[in-house]
Amino acid sequence: MIRLECSSFAYDGGPVVLSGVDLAVEPGALVHVVGPSGSGKTTLARLLAGQTGAGNGAQFRGALTLGTDRLGFTGGPGDPRIDPAAWSSTVAYAAQRTEGQLSMMSATVAEEIAFGPANRGMPAGELRAAVQATAARLGLTDLLNRDPRRLSGGQLRRTIIAAAVVGNPRVLILDEPFQGLDADARAEVARTLEVLRAAGTALVICAPMLPGAAPGRSRVLALVSGRPVFDGTLGQARTAGLERYAIGTEGSAPDVLRDPRGWAAAAPASGFSVKAGGPLAELAGVSFSYRGEGTRGQAEVLRGVDLRVDPGDIVGLTGANGSGKSTLLQHLNGLLRASSGTVAVAGRPLGRRTATGRLAGAVGFLFQDTDQQLFERTVLREVAYGPAAAGAGREAAQGRARTALAAVGLGHAAGEHPYELGFVERRLVAFASLIASGPAVWVLDEPTAGLDLRGRNRVGELILGHAAAGGAVVLATHDGAFAGALCTRILELKDGRILSGGARRGAGGA
Amino acid sequence: MPRRRVFNPLTELLAAALLVVLVLVVNTWQFSLAVLVAAVVPGVLLSGKPRQIALAIAVTAGPLLLSSFLLHGLFFPEGTTVLAEWGPARVTAEGLQFAALTGLRLAVFTGVLLTAALTVSIPELVSTLTHRGWNRRLVFVVGSAVGLLPHVAERARRITRAQQARGLVVGGSVPSRVRGLLMVSVPLVTGLLIDAAERTQLLEARGFSSPGPRTSYLPDTDTAGQRTARWLLAAGVLGFACAWYAVGAGR
């Protein structure tokens, strides 16, 4: 069907990022390409999608076979060029980042799905039928008239997949289709993919971890540092000891050091001070409703929430999408202000006029969306931004930044541009930025989303270390295993209320 | 309440542009006033969002109108008929007339163009241009420019919030606001460039540069009558302009 033989691939003048790969995808197959961040998954996905980088100075040595056509590449200027439009009619590709995946010319999901066939001149009647049929197959019929720029994460992924498969390609390549999605959205996307596979579309799914649930006969290709380290069935992969390559399984508990001395070593001396006695943060009777366009009336997102966060607490917030988790978190650092009730941070009540920026030293916030919180030219400047904004001198700020980077395991990346790093590293840079400001309270929105095994374990240890040192952590997560292993309290939010009181547990879930 | 659409967006945009041309050609305050009263004001009132458009007009044209009246009304060197005088400032009839002429013209321009721009349905426009077989890249520029704007605004807002959470204090003094703006622009532009690079590949893969005719998901709302009307309107205005200048030159 399609076969990639890659003896070596390097981006413009760079080191070899993929080599020794021979991957043949049969019709109707399901292939999982797994590997930690930076292992060459995206490069492999792009090659399968026909993006050999010939015009951008990339050097690809190997061959691509589609059906009976074999294209050989030597890395020279005489290499064949692939027509992306023709290639994508057989091999469709959905890239990792969703932002660049919308044509930006469509006002509705229907037009977005129709974009490809319309460019190829499909007659209007057929076009409508194709869009309706694809939407019906993938459960998108209710979304057809929605603005694609205003969809939730799962809806957007499914729209992009629908736009990729509307021409009935025989293979679909997906680069981290579940990244940044919560459990419900994951399930939505997984159902979509199952529908496609049942209809005979071959799927190649690139992800940092082995899937938690998938047919045991599906194939797994594991990559580490651009080389294959395992090729077999999923059943075999589960017992092949891939953990030694930092390839875990979705939904498993994080493997954090149980020894508190290990946490202390992982936790940087972020230098926060805690006043003895009182809570670090407290919400009392907080209600909140969004105003303005897009909401009908004044739907209350939070209804009378009480939350007390003491030193040593690791509070996990769980609940379905729209239950108010992110909204609650944003009250802790003043990004949102309660409609009624009070919020106090470090013993001081938050007034209407307290600038959010002034709270950064007391409460650190990790957003769900990483890329929109990185804005400096180098990783070091990025992480030093917080301490510098709080008034530390340049030397002192950079010193704290280096400590924080070492704590997340990125001491070597200080001079790089944040955008040149992989997703997991960017996420850890955002984490280091939070740590460097030295806040006593860490507020984390989906801290483990999209992380690989190593990153997830590292974040777990940092959280435990921070709590052990007398800080507190409030995190919203859909990663039940992670919350179960770490949190001292787990609170379930539903319709803006805290459902379960959350019995206090020992740190580390003991 | 959305406005009931009467004409195809292309017809509406052309009518707006021709109206502006007419006002420029005729160039008398009486004609500008007539267009304002007979076309612009009803247009704004019937647009379905009169408040939004009125606000946009006030924000863009307001300061210009005010300064024009102060400048020409009080200091018009060619003015001879003095109505009032305070030191160096003289209110002259000619000055007021000139101010009325430029002010009315400006009001017509902003009124016509803003009403057209704020009410036009971009998807319908893009679909019409596709159906009419216009250049694909031009259509993309029209469509994506408008499609990107809300996206960019939302992104800028998220970046600002992330920066505030990291200790950026926005507000108060002007330098602080300028600094805040600069801080937002770097990640905003970087992110948009990365998106653009990825989008280029996506567009290629989805046949954006494929040769041959294209189709559109939206039905063609243009009619043969409107197409004829557009040609007639354009020809009519052109003919009128030529005649107007010829008569003016002969006088």
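Start by selecting A:S225, which counts as partly exposed because it has 15 C-beta neighbours inside 10 Å. The scale behind that label calls a residue buried if 20 or more other C-beta atoms lie within 10 Å of its own, exposed if 12 or fewer, and partly exposed in between, with C-beta atoms placed from the backbone. A:S225 sits in the loop between β10 (219–224) and β11 (227–233) of chain A, and its phi is near 50 degrees, a positive value in a residue other than glycine. Helices (H or I, at least four residues) and strands (E, at least two) on this tour are DSSP runs, numbered from the N terminus.

**Before moving on**

This is a predicted model, in which local features need pLDDT of at least 70, side-chain atom pairs count only at pLDDT 80 or more, and totals for chains, interfaces and linings use all residues. Residues are numbered from 1 along each chain as its sequence is written, while chains are lettered from A and ligands numbered from 1 in the order in which they are written.

Chain A averages 85, with 92% of the residues scoring at least 70. Now select residues 264–269 of chain A: pLDDT is below 50 there, and the stretch has 16 contacts in the model beyond near neighbours in sequence. Residues 293–297 of chain A also stay under 50, and for them the model has one contact beyond four places in sequence. A contact here means that two residues have their C-beta atoms, placed from the backbone, within 7 Å. Where pLDDT is low, the predicted coordinates should not be read in detail. Chain B has a mean pLDDT of 82, and 94% of its residues reach 70 or more. The model scores ipTM 0.77 and pTM 0.78.

**Another positive phi in chain A**

Next, pick A:E176 in the loop between β8 (171–175) and α6 (183–198) of chain A. Phi of A:E176 is near 50 degrees, again a positive value in a residue other than glycine. Is A:E176 buried or exposed? A:E176 is buried, with 20 other C-beta atoms within 10 Å.

**The domains of chain A**

Colour chain A by its domains, whose bounds come from an automatic or database domain assignment. Domain 1 covers 2–245, and domain 2 covers 260–269 + 309–335 + 355–499. Their centres, taken over C-alpha atoms, are 31 Å apart. Where they meet, 12 residues of domain 1 of chain A are in contact with 13 residues of domain 2 of chain A. The domain 1 side has four nonpolar, five polar and three charged residues. In these classes, Ala, Val, Leu, Ile, Met, Phe, Trp, Tyr, Cys and Pro count as nonpolar, Asp, Glu, Lys and Arg as charged, and the others, Gly among them, as polar.

Select α9 of chain A, residues 325–332. Seven of its eight residues are buried, so α9(A) is largely enclosed by the rest of the structure. Those buried residues are A:K325, A:T327, A:L328, A:L329, A:Q330, A:H331 and A:L332. Just after α9(A), look for A:G334, which takes a positive phi of about 80 degrees.

Move on to α11 of chain A, residues 394–407. This helix has 14 residues and reaches 20 Å from its first C-alpha to its last, close to the 20 Å expected at 1.5 Å a residue; the expected span is 1.5 Å times one less than the number of residues. Its buried residues are A:A397, A:R400, A:A401, A:A404, A:L405 and A:A407. Turn the view to look down the axis of α11(A): these buried residues fall within an arc of 150 degrees, so they line one face of the helix. That arc is taken over the directions from the helix axis to the C-beta atoms. Just after α11(A), A:G409 takes a positive phi of about 85 degrees.

**Across to chain B**

Show both chains: 52 residues of chain A are in contact with 49 residues of chain B. On the chain A side, α2 (84–88), α3 (109–119), α4 (124–137) and α10 (379–389) each supply at least two residues. Which helix gives the most to the side of chain A that touches chain B? That is α3(A), with seven residues. The residues of this side divide into 27 nonpolar, 17 polar and eight charged.

Within chain B, domain 1 spans 9–125 + 223–250 and domain 2 spans 134–205. The centres of these two domains, over C-alpha atoms, are 33 Å apart.

Finish at B:T221, in the loop between α7 (174–205) and α8 (224–250) of chain B. B:T221 counts as partly exposed, with 18 C-beta neighbours inside 10 Å. Not counting residues up to four places away in sequence, B:T221 touches B:N8, B:E124 and B:T128.

Notes: pLDDT = per-residue confidence, 0-100.
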